Amino acid sequence: MSDTVNLAFHGGAGTVTGSRYLVSVGQRKLLVDAGLFQGLKELRLLNWRGPGFDPGTIDHLLLTHAHIDHSGYIPRLVRDGYAGPVHCTPATLDLATLLLMDSAKIHEEDAAYANKKGFSKHKPALPLYTSEDAQAAIARMHPIPYGTWLDLGVEIKARFLNVGHILGAAMIELHVAGGTGSKETTIVFSGDVGRYGVPLHSDPMAPPACDYLVMESTYGDRRHDPLSLESQLSEPIQKTFDRRGTVLIPSFAVGRAQLVTLILRNLMERGDLPEVLIHIDSPMAVDATRIYSHHLKDESLDDELDDGSDRLFPRQVQFHQTVEQSKALNELPGPRIIISASGMLTAGRVLHHLRRLLPEERNLVLLVGYQAAGTRGRALLDGAKLLKVHGQQVPVRARFHAIHGLSAHADSDELLRWLRSTPTSPRKVFITHGEPEAARALARRIEKETTSDCAEPRLGDEFDLNAL
Ligand SMILES: [Zn+2]
């Protein structure tokens with residue numbers, strides 16, 4: 001008799017956040033990702049409900065990449081009893097250290113704010129986890145390079161394979177050897193699949209042959225703008241430079257800020273834009289850019305970046321880490337480019353620049369990411385004439401422009417291309433990490449265009465793989 005193999009979905013099911021997939025082989029338990037639920041309040045409350053399993057019973061945790069919706073629950077899991085190793089690639093370890101310490105700080109600040117204002121039902125309000133919890137989680141992380149097999153105990157092994165997306169990101173190939181009279185089971189977890197043919201990150205590798213594939217579907221019902229990123233960026237920026245204005249780019253600090261900077265460098269080196277200074281004004285983006293620069297040889301980054309200079313952006317880029325360095329920017333005239341967080345103009349240093357630059361017609365606010373409802377970024381796109389910043393109503397006279405396709409996620413066509421690049425079709429594809437409409441649209445396409453069957457698991461669903 002061989003052990004049964006069970007796959008349970010404790011997050012990333014019916015939503016794009018909270019990725020947590022539990023594989024049980026007999027008594028042994030492996031968790032793939034321990035992400036935070038984010039976004040709507042009803043999702044965020046799930047972080048407080050307990051994970052749906054006893055963290056103390058898990059033997060190994062495998063982390064696909066550093067994004068908080070995949071890693072942000074690990075400190076809580078460790079605090080609640082998880083005592084095993086957290087396996088990830090070396091670059092993921094560096095980025096996760098940055099992101100988890102930042103996440104802990106946000107939770108601590110939120111709790112302190114709730115206590116000050118007295119609006120929490122809990123007295124005192126406590127953070128989901130603290131900086132000490134995050135440090136304890138980071139201490140459990142063990143780096144392992146792409147392609148190296150990890151021995152996870154009796155007859156179970158796994159390895160990380162490059163999937164593009166962000167620095168260090170991986171899919172996971174998991175083998176469970178069959179007992180007497182039964183065959184081996186292979187499961188591949190896609191993690192987040194990156195795009196093809198874009199700068200900075202390399203193309204995702206083909207998924208290895210597998211029986212079961214757990215596949216993300218963030219953009220399962222959408223296609224990215226076919227216009228190249230460089231041509232989308234160059235025209236509005238050139239016009240701003242002609243007016244001697246400043247270009248303000250609110251950007252996510254990890255991955256996005258580095259991609260935008262690299263595209264700008266390419267445009268300047270080719271002479272398609274004049275050489276002007278690019279200021280990266282966000283402590284997190286500065287740290288993330290340094291981590292990218294340390295890992296230029298990483299498989300998840302484009303080969304062309306490794307030119308021996310040991311730095312990703314050797315010229316024309318200035319880093320602004322301290323508040324004084326940030327304030328110095330107020331005195332500098334255009335033309336220049338300021339990249340600052342946050343990406344949806346919700347908080348952070350970018351707000352100081354916004355207050356200063358928005359009332360002048362010659363400046364440009366370049367939105368390079370998704371702008372959620374209720375954010376200042378969305379209000380700009382919706383044509384607001386005034387934006388409230390730091391308690392002041394600021395008139396919108398600067399130009400603004402939205403760039404599409406800078407996402408680190410494959411679109412619907414790219415997900416199909418990735419799936420088709422596997423040597424044999426999986427027996428079943430579990431569609432995860434997407435809103436229900438996106439997951440359904442991708443499942444329909446896969447069933448129509450390939451020979452694989454699909455399932456769209458909901459939160460808490462469990463599958464006996466031997467019985468499928
Ligand atoms: Zn991701």
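Student: Let's start with aspartate 272. Is it buried, partly exposed or exposed?

Tutor: Aspartate 272 is partly exposed, with a relative accessible area of 40%. Buried means under 20%, exposed over 50%, and partly exposed is in between, using a 1.4 Å probe and protein chains only. This is a predicted model, where local features need pLDDT of at least 70, side-chain atom pairs count only at pLDDT 80 or more, and totals for chains, interfaces and linings use all residues. Residues are numbered from 1 along each chain as its sequence is written, and side-chain values use heavy atoms, leaving out hydrogens and water.

Student: Which residue does aspartate 272 form a salt bridge with?

Tutor: Arginine 270, with the closest N and O atoms 3.0 Å apart. A salt bridge here is a side-chain nitrogen of Lys or Arg within 4 Å of a carboxyl oxygen of Asp or Glu.

Student: How many salt bridges are in the whole structure?

Tutor: The search finds 18. One of them joins the side chains of aspartate 133 and arginine 79, at 2.9 Å from N to O. Aspartate 133 lies in helix 5 and arginine 79 in helix 3, so the pair ties together parts 54 residues apart in sequence. Helices are DSSP runs of H or I with at least four residues, strands are runs of E with at least two, and both are numbered from the N terminus.

Student: Is aspartate 133 buried or exposed?

Tutor: Buried, at 14% relative accessible area. Arginine 79 is partly exposed, at 40%.

Student: New topic. What is the strand order in the open sheet?

Tutor: The order is 6-5-4-3-2-1-22, with mixed pairing. Two strands pair if DSSP finds at least two bridges between them. Strands 6 and 22 are the edges.
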